Amino acid sequence: IVACSIERTGDSTSYRLQPSGRYAHNPDYLVQCAAAAGFTVISHQTHQLRKENGEWLAGDLFLFQLQF
């Protein structure tokens, strides 16, 4: 099982480097990459990850499981 959190790109871009120096990803892109590596999604939730400059930053929490 793999757990991760991502910042959202906010559009159809697969991923991009943010001004903060962190990467943001499109959730669909992450799921496609995980599937290509043999993982399936067992849990996915949108979530407020942290505050940045006094504002909540939207993101996603994922759990993936390797399929044998």
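Predicted model: local features only at pLDDT ≥ 70, side-chain atom pairs only at ≥ 80, totals over all residues.

**Strand pairs and sheet**

Residues are numbered from 1 along each chain as its sequence is written, and side-chain values use heavy atoms, with hydrogens and water left out.

For my terms, helices (H or I, at least four residues) and strands (E, at least two) are DSSP runs numbered from the N terminus, and two strands pair if DSSP finds at least two bridges between them.

I then followed the whole sheet, which is open and has five strands in the order E2-E3-E1-E5-E4, with mixed pairing. Its edge strands are E2 (15-17) and E4 (39-52), each of which pairs on one side only. Between E4 and E5, which run antiparallel, I found 12 bridges, and in this part of the sheet Phe39 stands opposite Leu66 in E5. The hairpin of E4 and E5 has two residues between the strands, and Asn53 there takes a positive phi near 55°.

**Helix and core**

Next I asked which nonpolar core is the largest, and it has five residues: Ile6, Leu30, Ala34, Phe62 and Phe64. Such a core is a set of buried Ala, Val, Leu, Ile, Met, Phe, Trp, Tyr and Cys residues joined through side-chain atoms within 4.5 Å, where buried means under 20% relative accessible area with a 1.4 Å probe, protein chains only. H1 and E5 each supply at least two residues of this core. Not counting residues up to four places away in sequence, Phe64 touches residues (contact means heavy atoms within 4.5 Å) including Val2, Leu30, Ala34, Phe39 and Ile42.

**Two further residues**

I looked up Gln18, which is found in the loop between E2 and E3. Its side chain makes a polar contact with that of Arg16 at 3.3 Å; such a contact is a pair of N or O atoms within 3.5 Å, one able to donate a hydrogen and the other to accept it.

Lastly, Trp56 lies in strand E5, and its C-alpha atom is separated by 27 Å from that of Ala34, 22 residues apart along the chain.

Notes. Buried < 20%, exposed > 50% of the residue type's maximum accessible area, 1.4 Å probe, protein only.
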